[in-house]
Amino acid sequence: SSPARSYDPSEMIKAVHMKDSEFGKFAVEQGGGDGRDGEGWVVLFYMPWCGYCKDVLPVWDRLADELKGEVSVGKVNLESETAVSHRFRHKVKGYPTMVYIKDNAMTTYSGNRDINNLKTFARGGWKQESPQATCLLPLDPANFSMAQKIQTFLEDFVLEIAQSYRGIWQNHQNEFLSAISISFSCGGIFGFGIKIIIDTLLPPPLAPRATHPKAKAL
């Protein structure tokens, strides 16, 4: 039998590093992918500081080497490629995230991160993922209409505020609850005081006294 193949990182075909400016068209700046129009890609979204990502990156490059000529394999550093990170902020919930992308749709991988399972996924196993794992690709912000740009701005603004308050809640829960209680108490006292002042300065008109029918007859 032939000896097992050794994998020298310096000789392997590696996954294509997909950059902000190239991601929309799946164009490549350096070698490693054989993608053609209409064909799918398997893409790894990762953060360089993530321990799980560090473990899977060598496997992902080996995947690109073993699938050369079959399926194109790409990877995106979401720390440096900020435009892609922002575009997929609602789709990529954790790191690493591995997806199959084709025909304006993406299917998220949910299996083990070993080379055999990843090859099965890339070669068609993505079709066996649950329907919930597939969604449309998020739109490219470069092609947004003015209404979409405004909507995105408002969504980001609200999300940033929510995250800020979540940080306050997690780190200063007791102080946050005390501040809410004091605010409501002060608001209630202030409102009650304003009501007393208004009633004193502008007393309501007295209602006319009702006359008993028998009193008129007398």
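Analyst: Start with Asn-116 and Thr-120, which are exposed on one side of α4. Exposed means over 50% relative accessible area, buried means under 20%, and partly exposed lies in between (1.4 Å probe, protein chains only). This is a predicted model, where local features need pLDDT of at least 70, side-chain atom pairs need 80 or more, and totals for chains, interfaces and linings use all residues. Residues are numbered from 1 along each chain as its sequence is written, and side-chain values use heavy atoms, leaving out hydrogens and water.

Helix α4 spans residues 115-122. Its buried residues are Ile-115, Leu-118, Lys-119, Phe-121 and Ala-122. Down the axis of α4, these buried residues fall within an arc of 160°, so they line one face of the helix. The arc is taken from the directions from the helix axis to the C-beta atoms.

What covers that buried set? The cover includes β2 (41-46), α2 (51-66), β4 (97-102) and β5 (105-108). Contact here means heavy atoms within 4.5 Å. Helices (H or I, at least four residues) and strands (E, at least two) are DSSP runs, numbered from the N terminus.

Now the ends. Asp-114 caps the N-terminal end of α4. One of its side-chain oxygens lies 3.3 Å from the backbone nitrogen of Asn-116. Just after α4, Gly-124 has a positive phi of about 135°.

Step back to the whole protein. It has seven helices and six strands. Buried residues make up 29% of its 218 residues.

Note on methods: Polar contact = N/O pair within 3.5 Å; in protein donor to acceptor, adjacent residues only side chain to side chain.
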